Amino acid sequence: LPQETRLKALMAVQAMPGNLSTRLLHEVLSDPSDDLRLTAYGMLDKGEKRINLQIQHALDELAKNSSPEQRGQLLKQLASHYWELVYQDYAHQGELREFALQSAWRYTQESLSQRPEDGELWVMAGRIALARLDTEQAMQAFSQADRLAVPAGRVQPYLAELAFQRRDFKTVREL
């Protein structure tokens, strides 16, 4: 395709959800055109910086004397931001991905200790556990989210994924 067409396609990527667009942007980094590679790099850098600024802001707020409720919310935000680095594929490999996953897991666990009735936090814990390949923790987290009446559409796809990994196809069909 001509460079102009590829550039238009690259600009259209900005309207896509983050987890899809970053994967495409990573592919563009190997394009023969310097302009396309630099544009893709700039777009990736901008997204990663946005999340890192959110992390820094939450860390700064956490360092202040915050109430237990504020602390629980800030810990949840930190877990969410670190998870976004992984989910949106900004931390897509190696030590950076491992660090982001460990941080997301740690902040999720800290937040859950203060907010054990937060069903969405349990869903996030399950998704992080899945990414860490910890199927036992993932199952526990999704089961807890289910017990806390998180809508089935938010939990069942992950329970089905876990059943599929166990080769429990009857449960997959039921879910």
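**Figure 1. Residues at the contact of helix 7 with helix 8.** Thr135, Ala138, Met139, Phe142, Ala145 and Asp146 of helix 7 meet Val155, Tyr158, Leu159, Leu162 and Gln165 of helix 8. Sorted by class, this contact of helix 7 with helix 8 has eight nonpolar, two polar and one charged residues. The model shown here and in the following views is predicted.

**Figure 2. Axis geometry of helix 7 and helix 8.** Two packed helices are described by the angle between their axes and the distance between the axes. Helix 7 covers residues 135–147 and helix 8 covers residues 152–165. Their axes come within 10 Å and cross at roughly 150°. The crossing of helix 7 and helix 8 is left-handed.

**Figure 3. Helix 6 against helix 8.** The axes of helix 6 and helix 8 come within 11 Å, with a crossing angle of roughly 30°. Because angles under 35 degrees count as roughly parallel, helix 6 is described as roughly parallel to helix 8. Helix 6 passes helix 8 in a left-handed crossing. On the helix 6 side, the contact is made by Glu120, Val123, Arg127 and Leu130. Helix 8 contributes Arg154, Val155, Tyr158, Glu161, Leu162 and Gln165 to this contact. By class, the contact of helix 6 with helix 8 has five nonpolar, one polar and four charged residues.

**Figure 4. Backbone of Leu133 in the loop between helix 6 and helix 7.** Leu133 is found in the loop that runs between helix 6 (119–131) and helix 7. Its phi is positive, at about 65°, although Leu133 is not a glycine. With a relative accessible area of 74%, Leu133 is exposed, since the exposed class begins over 50%.

**Figure 5. Backbone of Asp89 in the loop between helix 4 and helix 5.** Asp89 lies in the loop between helix 4 (68–87) and helix 5 (94–114). Phi of Asp89 is near 70°, a positive value in a residue other than glycine. The relative accessibility of Asp89 is 13%. Because buried means under 20% relative accessible area, Asp89 counts as buried.

**Figure 6. Asn52 of helix 3 and Tyr82.** Asn52 lies in helix 3, which covers residues 34–63. A relative accessible area of 34% makes Asn52 partly exposed. Asn52 and Tyr82 are 30 residues apart along the chain. The C-alpha atoms of Asn52 and Tyr82 are separated by 8.5 Å.

Note on methods. Residues numbered from 1 in each chain as written. Predicted model: local features only at pLDDT ≥ 70, side-chain atom pairs only at ≥ 80, totals over all residues. Heavy atoms only, no water. Axes fitted to C-alpha atoms, helices over the stretch in contact; angles between N-to-C directions. Helix = DSSP H or I, 4+ residues; strand = E, 2+ residues; numbered from the N terminus. Left-handed = near helix turned anticlockwise from the far one by under 90°. Contact = heavy atoms within 4.5 Å. Nonpolar A, V, L, I, M, F, W, Y, C, P; charged D, E, K, R; others polar. Buried < 20%, exposed > 50% of the residue type's maximum accessible area, 1.4 Å probe, protein only. Parallel < 35°, antiparallel > 145°, perpendicular 65-115°, else oblique.
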